[in-house]
Amino acid sequence: MAFTQSAFPVFLVILAAAPAAQAQVPLQMSGEQPAALVRDAFASSYGQALADEFGEALSKAADPACLGTKKIAAASLRQRGLDLMVKRGTRMLEQSTSLIDSKAYDEKLAATGGQSASRELTQLSNDADVKRYRELERPIRLTAVLDTVFEQFDRYAESAKIKIAPVSPLASGSDALLNSDPTEASEKALKDFVATHPSPPLRRYLKLSEDAADATTAAVNVDQAGKTGPATFFEGVEADLA
């Protein structure tokens, strides 16, 4: 059974399946909590640019009379929108990771990477080259989270007929957002780093990261994933927007 089109981008973020030169340890192996990851994503320069875009969309969609009645300053809409997306984005990652069977993941990783694969990944994270690799990779991970949050929101807003302009760069066509996306520069930096640092620890880390991503894919509850879509994460957001 294939993932639905609406759900698939979410699992690109969670599973972090990537080519060898851009390997990412899946979220449950990174030791990173969804709430912290989403907060860091929105604290990035790209996250702040998206927050600006969302704040502007909210300002254009808001009824001035309603704002006056509720005593809400128009200038506060950006922060309110940011808080809303951090909350909903955290929920998105939490619900998505809950679809992964940890026992199945452990078994698959052990089968492909070796019985000590999980422990190895933890140990390798202390290697200097691996640390630098993860620093260079992090903007890609944060950007993927942000893009997925707003892609899912835009799809839900359209299906629920919420009158607000799309925010995700692909939907809005915003050149400013597209130009502020750090992915391309980060991918080049990663490629250059891997080419100039062929250390055994880094090569092993990249291999195990691929194994971990494959194991995560195999451990997803496909039936539940097939039912996952924008409404899973954003149903009821109309009340928050109101």
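## Contacts and overall make-up

The model is predicted. Its secondary structure comes to 16 helices and zero strands. The chain has 242 residues, and buried residues make up 44% of them.

## Helix pair H3 and H6

Two packed helices are described by the angle between their axes and the distance between the axes. Take helix H3 (residues 34-43) and helix H6 (residues 77-97). Their axes come within 9 Å. They cross at roughly 140 degrees. H3 and H6 are therefore oblique to each other. The cut-off for roughly antiparallel is over 145 degrees. The crossing of H3 and H6 is right-handed.

Which residues meet at the H3 and H6 contact? H3 supplies Pro-34, Ala-35, Leu-37, Val-38, Arg-39 and Phe-42. From H6 come Leu-82, Met-85, Val-86, Gly-89, Thr-90, Leu-93 and Glu-94.

## Helix pair H4 and H9

Helix H4 (residues 45-61) packs with H9 at an angle of about 20 degrees. The axes of H4 and H9 are 10 Å apart. That angle makes H4 roughly parallel to H9, the cut-off being under 35 degrees. The crossing of H4 and H9 is left-handed.

On the H4 side, the residues are Tyr-46, Gly-47, Leu-50 and Phe-54. They meet Thr-143, Leu-146, Asp-147, Phe-150 and Phe-153 in H9.

Helix H9 spans residues 128-159. A salt bridge needs the nitrogen and oxygen within 4 Å.

What does Asp-147 touch, leaving aside its neighbours within four places in sequence? The contacts are Tyr-46, Pro-169 and Asp-181.

## Salt bridges across the chain

The count comes to ten salt bridges. One of them joins the side chains of Arg-88 and Asp-240, at 3.1 Å from N to O. Arg-88 lies in helix H6 and Asp-240 in helix H16 (residues 237-241), so the pair ties together parts that are 152 residues apart in sequence. Arg-88 is buried, with a relative accessible area of 5%. Asp-240 is partly exposed, at 34%. Lys-87 joins in: Lys-87, Arg-88 and Asp-240 are linked in a network of salt bridges.

Glu-120 and Arg-204 form another salt bridge, at 2.8 Å from N to O. This pair also links distant parts of the chain. Glu-120 is in helix H8 (residues 117-124), Arg-204 is in helix H13 (residues 200-219), and 84 residues separate them. Arg-204 is partly exposed, with a relative accessible area of 29%.

Lys-207 forms a salt bridge with Asp-211. Their closest N and O atoms are 2.7 Å apart. Where do the two partners lie? Both are in helix H13, four residues apart, about one turn of the helix.

The relative accessibility of Lys-207 is 37%, which means partly exposed. Asp-211 counts as buried, at 7%. The cut-off for buried is under 20%.

Asp-106 sits in helix H7 (residues 102-113). At 45% relative accessibility, Asp-106 counts as partly exposed. Ala-212 is 106 residues from Asp-106 along the chain. The C-alpha atoms of Asp-106 and Ala-212 are separated by 8.9 Å.

Ser-172 belongs to helix H10 (residues 169-172). Its relative accessibility is 28%, so Ser-172 counts as partly exposed. Ser-172 and Glu-53 are 119 residues apart in sequence, but 9.6 Å apart in space, C-alpha to C-alpha. Glu-53 is in contact with Ser-172.

Methods:
Residues numbered from 1 in each chain as written. Predicted model: local features only at pLDDT ≥ 70, side-chain atom pairs only at ≥ 80, totals over all residues. Heavy atoms only, no water. Helix = DSSP H or I, 4+ residues; strand = E, 2+ residues; numbered from the N terminus. Contact = heavy atoms within 4.5 Å. Axes fitted to C-alpha atoms, helices over the stretch in contact; angles between N-to-C directions. Parallel < 35°, antiparallel > 145°, perpendicular 65-115°, else oblique. Left-handed = near helix turned anticlockwise from the far one by under 90°. Buried < 20%, exposed > 50% of the residue type's maximum accessible area, 1.4 Å probe, protein only.
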